[in-house]
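Reader: I am new to this structure. Please show me how to read the way parts of a chain meet.

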Amino acid sequence: MKSAVIVFPGSNCDRDLAVAIRDVTGKAPDMLWHQETALPDGIGLIAVPGGFSYGDYLRSGAMAARSPIMRAIVEAAGRGVPVLGICNGFQILTEAGLLPGALMRNEGLDFVCREVALTVENSQSTFTARYDKGEKVHFPVAHHDGNFTADRETLDRIEGEGRVAFRYAEAVNGSARGIAGILNDAGNVLGMMPHPERVIEAAHGNDDGRRLFEGLLETVA
Amino acid sequence: MTQPTEITPEIVAEHGLSPEEYERILRALGRTPNLTELGIFSVMWSEHCSYKSSRIHLKKLPTTGPQVICGPGENAGVVDIGDGQAAIFKMESHNHPSYIEPYQGAATGVGGILRDVFTMGARPVANMNALRFGRPDHPKMRHLIAGVVHGIGGYGNCVGVPTVGGEVNFHAAYDGNILVNAMTVGVAETNKIFYSAASGVGNPIVYVGSKTGRDGIHGATMASADFSEDSEEKRPTVQVGDPFTEKLLIEACLELMATDVIVAIQDMGAAGLTSSSVEMASKGGVGIELDMNAVPCRETGMTPYEMMLSESQERMLMVLKPGREAEAEAIFRKWELDFAVIGKVTDTGRMVLRFDGETVCDIPLGPLADEAPLYDRPWVPTAPREPLGPVPAKGSIGDNLLALMASPDLASRRWIWEQYDHMVGADTVQRPGGDAAVVRVHGTKKGIAISTDCTPRYVFADPVEGGAQAIAECWRNITAVGAKPLATTDCMNFGNPQRPEIMGQFVGAIEGMAKACAALDFPIVSGNVSLYNETKNDDGSGSAILPTPAIGGIGLLADIDAMATIAFKAADEHILLIGEDGAHLGQSLWLRHIAGREDGPPPPVDLELEKRNGDFVRELIQNGQVTAVHDISDGGLLVALAEMALAGGIGAHVDDLDHGRAFGEDQARYIVTTAKSDSILAAALTAGVTARRLGTTGGETLAGVPLHKLRDAHEGFFPTLMAN
């Protein structure tokens, strides 16, 4: 199966994500320019990277969500193809309507970059199957707009359906109910603010993120 | 065209040119310049572009070595890091704009230095910075700190280059002139390095990037004068940055550089289109002809004068091989950037500009560049400081430590670096907070260690020793992570060079730096000079900054697995001091914060000792004989121990220290920890290195102070200062 990392003008974690996928699965993903209108045949994973697409001069992710490639991604997600959005990728997926809620400016108003503790809340998805429910992991965050918000009904629903994948175990950005990452209702789309691709080997200080990509082995390899 | 402006003495003065310099222009042209030509001369002859007060002294700096591929004179310095790869790096000041408009001033400082590095074919892999602020409680300072930090973060985070470290000092001398020095390090293939010398008569000159606007006109001239009452009114001379466009420009340029269509390339930095075109043509010994109607402009009605002097950001100038324009244009269009052929290389040795069918400028290039004014300004050496003599202790050692760890110059910088994405690229293997940042060379086991250093209070007290110390400390920080120091970039921030005492500081610092660079095999391969960092007082005198020759150095780690960090790793390890016991309190932070005095000479720098001790420590690291390493600098031995203890969350049991031993800032010293010290002490004896055991790691206190109290004091300063 193939994987693809989508590249928007202003993406800047595209290479890091591609390296993580390649190093863990042994197969390098295609780098797909946002102007493309079709995904490679037999696509097994779509990864939407972090960065500042279009400078985030409008709402973060809002411009990228209207890129030509997004129509194909929405369609593929509907067919059950795994879609992973990290940081700006998460913002893009919410703007594209693939995930509920929105990411607002951090509560403290400042950009925040540090390693934070997370609790794995759902270990049933393709992405989180190699983690234990309730397990603590440490991923870095690096964002200005990571403050997840949604109306109470939506929050109750995603909580009730077990769609919270990761929750902050410390105060980070003011996210509603400490939500750091969520799944869509079918469980094949994950959006998260923390960066698992930055912690996949000893040189990174820890390799807690590695298992997320290992979980994708079967779909990608 | 409108009526030509008559060049009056007032207009000449407004352009920052002296009457003598104007005479020189008349002689060079053999006629009266028009306004466009005058503007071009004024920016090219500004201190910022011409280095007219500093050039004769900068020549004394060592700039060569087997590791140097390209020294000063190009956009950045280039150093060999083996395996066909090169590190390309430079540090540059953006002081004046950052004081006037801190967010944009700092942001565009980052943007400018990034362009200097990727212009040469390197992908930028790390940003660093060196910042100096005034008193924390100065009414303007919080605004300036917040603006600068947000500006650096806003730009660096968006372009996706990690900001991996830096340094910050506070001193009243910077109340009216803060310093913002930004450094970028990039990596390129040694056979794909791009230079700026234009060549090939008839080759097209191409403009890419953003459009030209009216921002930043006369920025270089503004940066070449003192601040006075009206500095607020100079806000329109500050440029506005667009990091998103810069990111596109990086990717587009690197994509184009993978082809073979570029003959020469240069970014448009200070003095914009003027300095980029003049430098490219004069370096290539050719001429240049530009069609000003072809320059992409942001607004209508811009004059050639405005286009030539604009400092709009995110623009580059290139000479392409003939007939390859379409290939290049396709890449820039893909990245949604402007692309315009605006001229051609000529053989006239002149810069000719045409606009609306008229020749609006025709200047021989020689007088603009190579034959620009050069001054040997009068200077007086700085008088040596009286010896300090004995200074009595004050309070307990533990209380002193607690106060120092919370002081502005020593407190944790976490509040700053957590606002910078310091991990993007996934190659940051030593994050901020250690002696040097380390960034892995992508796809290899090699690491580039980077540190920025200067102790301005030392330079002020003794420019020669202080200049040497800045180089030595940088070398030591790179050594302390286990890297071999390779080369440096310097950012020379000083006051008004027309004052002999300021010029004396400059000359002295260069002397000390040159000595240290030579002794430590640590040449200077790029740099920048920022003068006139002073503010006019009401009585006409000047308040200058402390002389601040900020040094940015890089080193190479052959294998990042051998890298050392400052954190204590385990309890019951031996703590060793490499180097002599401390005693020197002159110009120390202890003297300033605890004794309330700023006097005495700075600690002397013994370069032979630096080299011997540093080489010894590097070998210990490379042999895997030590578990943690930290150099001893600001605050002395006990502060260094406290930093190691806090980083590891482990205390230490050390012998009782008097205040001289605890807080003396003697140079050439390191602390290391090890599970077995005997072999190290024996090796030290053989190598002629002084070493002794200080104590043992473990427990939850240091010098009787609980670690949690030290941590609260250390971490509290910035959040408290910047709250609400």
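Author: Domain bounds come from an automatic or database domain assignment. Here, chain B is divided into domain 1 (7-44 + 193-369), domain 2 (52-191 + 425-560) and domain 3 (571-721). The C-alpha centres of domain 1 of chain B and domain 2 of chain B lie 26 Å apart. This is a predicted model, in which local features need pLDDT of at least 70, side-chain atom pairs count only at pLDDT 80 or more, and totals for chains, interfaces and linings use all residues. Residues are numbered from 1 along each chain as its sequence is written, chains are lettered from A and ligands numbered from 1 in the order in which they are written, and side-chain values use heavy atoms, with hydrogens and water left out.

Reader: How much area do domain 1 of chain B and domain 2 of chain B bury between them?

Author: The size of an interface is often given as the accessible area lost when the parts come together. Buried area is the accessible area (1.4 Å probe) that two parts lose on being put together, summed over both. For domain 1 and domain 2 of chain B, this is about 3,500 Å², with 55% of it on carbon and sulfur atoms.

Reader: How many salt bridges does the rule find across the interface of domain 1 of chain B and domain 2 of chain B?

Author: A salt bridge is a side-chain nitrogen of Lys or Arg within 4 Å of a carboxyl oxygen of Asp or Glu. The rule finds 4 salt bridges across this interface. E246(B) forms a salt bridge with R115(B), and their closest N and O atoms are 2.7 Å apart.

Reader: Which element gives the most to the side of domain 1 of chain B that touches domain 2 of chain B?

Author: Helices (H or I, at least four residues) and strands (E, at least two) are DSSP runs, numbered from the N terminus. On that side, α10(B) gives the most, with 10 residues.
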